[in-house]
Amino acid sequence: MNPDEEEFRRFVAARLEMLRGLAYLTCGDWQIAEDVVSTCLAKLYVRWGSVSSPERYVTRMVVRAVVDEARRPWRREWSASHALPEVIEPDVSDRITEAMRVRQALHQLPPGQRTVLVLRFYADFSVEETAEVLGRSPGTISSQTARGLATLRRLLAAEDIALVEELEERDDDARCARNLVDG
Amino acid sequence: MHDVREILLMAKADAPPARYGVEDIVAAGRRRSRRAFVQRVGGVGVLAAAVATTAVLSAVNLVVPINHGVSTAVSAASPPAPTTPAPSPPFTFTFGGYQVGEYRVLAPDEVNQTYQTAGVLRDRKDARGKVTTLYVGTLTVYQPTTFDPAKFRVSTPMTVQGRDAFQYETQQPVGGWSVGGRAIGVPSDGPSISFTVTTNALAWQYAHDSWAVLSTETNPIEAVFPLADAIEVAERFTVAPTDPVPAKVPFRTGYLPAGFTLQSVSGQSLTAENRGMVTFVYAQPGTTAVSVTISILWVDTPPPDAVKRTSRCNPGQHWCATTLPGGKFWVAVEDPSQTLSDEELLKVSDDLTFATLEDPGTWYPVS
């Protein structure tokens, strides 16, 4: 048994769900998210052993791929050609209706702000790590985070969902967000 | 009240069952590793199609022929003049793969009216004996009299195979990304940083007024092709004494726009170690301003139930895609100039009949 492949297999098993969620939250399409994640992981397989930080590496690939998706007619076609019906639970509970309202609010966010929020609060990346992944400055990331939080809070409020302020964990961002709202 | 993470988890709470499991991804990685051992065109994958197409079209127009005639007659009083070989028939390969030390020159698999190209690999063995194969360069062999060495004459002169040769070095800005602050090349997923790399090219004459060029890759990690080694590889190059081998195409065309003929072949196998796709360009002779480019690509994650051939075009984007039965391959038909209509491109696509794509022995020789 190839020890490198076994290590890769364990890595995929441990990270697959997180990466699926990351891709979906960024692009809002499960099919594209799954295609992107599987393709990026297959690419990682080829480079396995030569990448110093596989998690960071593949996260960057996934985020860029889904962000770029709109500019990639080839990927769109490739994904669409393998359309499989999504399996979605019937909307029978308050929990699900709330989830739908959350999704609606989330996907009204500008893509840049949504991507930053997903990286920071779902993937738990720092400002610096997010900046590296997206190729932007830390200052831009802080600003995008603050604006994204402010926008999301407003969008969720319209759906009667309250968002707590991230005072303890994201003090700077929250302060910026308050300033934006107040200002 | 929810925090942001709770909100995000809620948004993905009704995830559908995963379509791809760990073993699917490992299998896809194996396929990718087998067929696309380096990312020659910025990453094997869907984006590569457009990049490769652009490269092919650019290359067709790259070289300005300086003399399409045969060599001139020599008077009896003149000293013996070197003989320029006759050009090989269109779309034929005139040399084979060969090995020099750690370097492997692959059999050529790209050809047009002006030149053939072959990849150059290096099998490097580390101290523990583990061999790593890298794509380090490209060998381009021009038809006699078609290469203009003017650009190279300003560079370092030398002698290779007993004739004038030149080494040309240039700095190229490229996009890439870094891991731990170290630039690792040009990914398929979009550049994030820019840096400059040194590209070397060695031009020499394999026969009188018949030029070949060995150029290194622009990927900084893979650019391990020192000039001294390139000279060794160049010195060993020979045109095969046997008959030229016609290029093959994995399909027959039914419909093409009026006057369109084959202009460029890129790839002779979908299972070669340096190939993830093949591309064929059709246009009116002498110009690729408007072309039909047909590419065949592997599907990374084949669906289990692809049983029929389906085609569709993206309205107004001048390209159509066809998924073939079995789900292993898809075909892209495009007009990069965005001149031809979707209907015309779809007709080209629908009228293609395919050989067994995984078996180059069934492909059709260019007639």
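Read along the sequence, chain A runs α-α-α-α-α-α-α-α-α. That is nine helices and zero strands, where helices (H or I, at least four residues) and strands (E, at least two) are DSSP runs numbered from the N terminus. The model is predicted: local features need pLDDT of at least 70, side-chain atom pairs count only at pLDDT 80 or more, and totals for chains, interfaces and linings use all residues. Residues are numbered from 1 along each chain as its sequence is written, while chains are lettered from A and ligands numbered from 1 in the order in which they are written.

Start with chain A. Of its 183 residues, 44% count as buried. A residue is buried if 20 or more other C-beta atoms lie within 10 Å of its own, exposed if 12 or fewer, and partly exposed in between, with C-beta atoms placed from the backbone. Contacts are pairs of residues whose C-beta atoms, placed from the backbone, lie within 7 Å. Among contacts in chain A between residues at least 6 apart in sequence, 65% join residues at least 24 apart.

Helix 2 of chain A covers residues 30-47. Its 18 residues reach 26 Å from first C-alpha to last, close to the 26 Å expected at 1.5 Å a residue; the expected span is 1.5 Å times one less than the number of residues. Helix 2 of chain A is mostly covered, with 15 of its 18 residues buried. Gly49(A) follows this helix, and its phi is positive, near 100 degrees.

Now turn to chain B. It has six helices and 22 strands. Buried residues make up 41% of its 367 residues. Of the chain B contacts with a separation of 6 or more, 59% are between residues 24 or more positions apart.

In helix 5 of chain B (residues 227-235), the buried residues are Ala230(B), Val233(B) and Ala234(B). They sit on the same side of the helix, because they cover an arc of only 100 degrees around the axis; the arc is that of the directions from the helix axis to the C-beta atoms. An α-helix has 3.6 residues a turn, so residues three or four places apart point the same way.

Two loops in chain B deserve a look. Most residues other than glycine have a negative phi. Thr145(B) has a positive one, near 70 degrees. It lies in the loop between strand 6 (131-142) and helix 4 (150-153) of chain B. Thr145(B) counts as buried because it has 20 C-beta neighbours inside 10 Å. Asp209(B) also has a positive phi, about 55 degrees. Its loop runs between strand 10 (193-207) and strand 11 (210-216) of chain B. With 19 other C-beta atoms within 10 Å, Asp209(B) is partly exposed.

Next, the interior. A nonpolar core is a set of buried Ala, Val, Leu, Ile, Met, Phe, Trp, Tyr and Cys residues joined through C-beta atoms within 7 Å. The largest has 67 residues, of which Leu202(B), Ala203(B), Val331(B) and Val333(B) touch the most other members. A second, separate core of 56 residues includes Tyr24(A), Tyr57(A), Val63(A) and Val118(A). Beyond four places in sequence, the contacts of Ala203(B) include Pro149(B), Phe152(B) and Trp211(B).

Finally, confidence. pLDDT is the predictor's confidence in each residue, from 0 to 100. Chain B averages 76, and 72% of its residues score at least 70. Over residues 35-76 of chain B the pLDDT is below 50. It also stays under 50 over residues 174-193 of chain B. The model scores ipTM 0.74 and pTM 0.54.

Note on methods
Two residues are in contact if their C-beta atoms, placed from the backbone, lie within 7 Å.
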